[in-house]
Amino acid sequence: MRPRRLGVVTAAVLLAGLVAAPSRATEQHPPPRRIVENLDRGLVAVPSGKGTFLSWRLLGTEYARYGDAIAFNVYKGGRRLNQAPVTRSTTYQDDSRGTGTYAVRAVINGHEQKPSSAALDFARGYAEIPLAAADGYTVQHAWPGDLDGDGRYELVVSRLAQTRDKPDLLEAYTLTGARLWRVDLGPGSYTQVGGNGANDPAPAAISGSTPIGGYRNDDNVTVYDLDGDGRAEVLVHTADGTTFADGAKVTADSPADQFISVIDGETGTERTRQPVPDDLVADGPSGGHFGIAYLDGVHPSLVTKLVTRVGAKRGAFRILFQTWDFNGTALNRRWKYVVPAGSGATSFHQIRTVDVDQDGKDEIADGNYVVGSDGTLRYVVDGAGHGDRFDIADLDPDRPGLEGFAIQQSELGVVSRFPWYYYDADTGQRLVTGEHPADPTSESDLDVGRGSAADIDPGHPGYEYWTSTADVARPGAGVFNVQDGKVSTTTPSVNFRIWWDGDKGAELLDYTHVDKWDPKAETSTRLFDPAGVVSGARNATPFYGDLLGDWREEILAETGDHTALRLYTTTEPTKTRIYTLAQNPGYRLGWTVRGYLQSTYTDYYLGTETRRVPKPAITTAARTEGTS
């Protein structure tokens, strides 16, 4: 790798600064070992060419223990297919004759381990998951979780009425298409309360179903194993009239009362419930976001961000964070933090839970500010205001710690000081700052609606970042590299980064298709474009991520008639072997927040220059490590 550059980026349109190296865990003080999901091998079989493409997981737990001293044998109908153990990837192309059930066995120090579970069969090139009947509904978000403790993910999905006059639905399905349960959020999910509540979302609204500015990007649901029993719980805002899978209902003294319910992930029944904090009730019910963070570095906690607007009209936003621990019986409050009105902290449309100082404990990033793992304000980015999107990851392999990239909005008379900024995620200090046009004619000349960061140019070290600004004449437009400044005047799609083909660089997901950016030609090539499926709000599918198979990511999309979900995986060959992204702590937490959907990143540098992936400090509970 090239040595870290300590000079100022020389592009005339940029301002740059330097910061001290962030604090982090060291060899003398290693990070705590997080308790993570005990996943199975995730073997999948997909028709490819004249045969079948097989892909499976290298588990983070076994990589942490054995490193590269692990190989695999591949079997069909009990017959071994490979001559020598597979070591360079966790994929295999089977062009042999005959049929049979596929399985893989890990080989550790020359000893073959027990076989995996049978492969998930993508016989049609995808897995189809039929949806329960719900006329006029569409899937908005999906959350993976191992609901039954067998090591394979299930999916919890939110379904919203397209007319927004029927209850929001929360449903669970297996990847093989079985329906597990439905929770009806009731009239409280689409009926606003009176008074100041007319300015706020319906009390039990999920996935941004209330069409009110400031709340269209809410989620109020997350899925995770909080009590360490190996089975994920479902956490959700509920209100009077919410009906669980067993028919039990929430009853409340007022339709404005809001609760956080813990739902059994396997059965859809309520296990316990707590009222939301009452600090903001004078201004009506709260919207916001749910997520998961390891605030003590070992155990997962629920993070709830509550948002209201002051008064009966479009007043200022008030924000409160309440964190919770679930011990299998009770949902207990951990700490509460109300964002001070005069702090300059400005919320975006999605939180990120990430270990910004690399001490093993997660912080909560919410746009231009970060709340520490102890519930105190860590920093506010100087000069930054509201934007829709921000990314945090290790964007520069030659710079210690994590970096962030955020965009800035200008609308409704509020004008940003700059269009975007690249910053130190530990301290909040801006490293590179974009510039507005010198003579803007309107707010639209200053507004930036979207931005993204990904390694799309292998000719420059580290990631690139860019925005949705289409006018190439603007000083903040174009593609910028974290070390080399502006590298392109034109830009690719700006929705999501995805790892799809065989290299470690990024591809781009927009709507339901995957493109590859050609930096020399400054154009994109279409790699994947499935038929019969559609995207939803913000041109996004309900979910994408490393659900199964090797380290690359799957796409979950809804059929055009809204009767099923389809899960797609890549069949591109690769010589890259990386432990499953689902057991990378930073990456996995990205799945727990939906909101205004954004790209998910690993907490280590994963890009063209990556030669060796660091071992994760993780352990598992409940199931036997490394099985199936």
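How many aromatic pairs does the structure hold? The structure holds 23. This is a predicted model, in which local features need pLDDT of at least 70 and side-chain atom pairs count only at pLDDT 80 or more, while totals for chains, interfaces and linings use all residues. Residues are numbered from 1 along each chain as its sequence is written, and side-chain values use heavy atoms, with hydrogens and water left out.

**View 1. Trp56 and Phe72 form an edge-to-face aromatic pair.** Their centres are 5.7 Å apart, with 65° between the planes. Rings of Phe, Tyr and Trp (its six-membered ring) pair if their centres lie within 6.5 Å; planes under 30 degrees apart count as stacked, over 60 as edge-to-face and the rest as tilted. Trp56 sits in the loop between β4 (51–55) and α1 (60–66), and Phe72 in strand β5 (residues 70–76), so the pair ties together parts that are 16 residues apart in sequence. Helices (H or I, at least four residues) and strands (E, at least two) are DSSP runs, numbered from the N terminus.

**View 2. Residues 36–118 carry the UniProt annotation "domain: Rhamnogalacturonan I lyase beta-sheet".** The entry is unreviewed. UniProt annotations may be inferred rather than shown by experiment. The span is 8% helix and 40% strand, and its end C-alpha atoms lie 23 Å apart.

**View 3. Strands β16-β17-β18-β19 form, in that order, an open sheet with antiparallel pairing.** Two strands pair if DSSP finds at least two bridges between them. β16 (221–224) and β19 (270–275) stand at the edges with a single partner strand each, so one side of each is left without a neighbour in the sheet. The twist averages 20° from one strand to the next; axes are lines fitted to C-alpha atoms, and angles run from 0 to 180 degrees between N-to-C directions. Six bridges join β17 (residues 233–238) to β18 (residues 259–264). Glu233 stands opposite Asp264 in β18.

**View 4. A further open sheet of four strands has the order β24-β25-β26-β27.** Its pairing is antiparallel. β24 (352–354) and β27 (377–380) are the edge strands, each with a single partner, so one side of each has no neighbour in the sheet. Two bridges pair β25 (residues 363–365) with β26 (residues 369–371). Ile364 has Val371 in β26 as its bridge partner.

**View 5. The largest cavity has a volume of about 200 Å³.** The structure holds six cavities of 30 Å³ or more. On a 1 Å grid over the protein atoms alone, a cavity is a set of points where a 1.4 Å probe fits but cannot get out, and a pocket is an open set with protein on both sides within 12 Å along at least five of seven lines; lining residues have an atom within 4 Å of a point. Grid points are joined across faces, edges and corners, and a volume is the space filled by probe spheres set on the points. Of 19 lining residues, Arg352, Thr353, Gly586, Gly590 and Tyr601 lie nearest the centre of the largest cavity. β24, β28 (390–393) and α2 (585–590) each supply at least two residues of this lining.

**View 6. The largest pocket has a volume of about 1100 Å³.** It is lined by 38 residues, with Arg309, Phe317, Thr346, Ser347 and His386 closest to its centre. β21 (301–309) and β22 (317–326) are the elements that give two or more residues to the lining.
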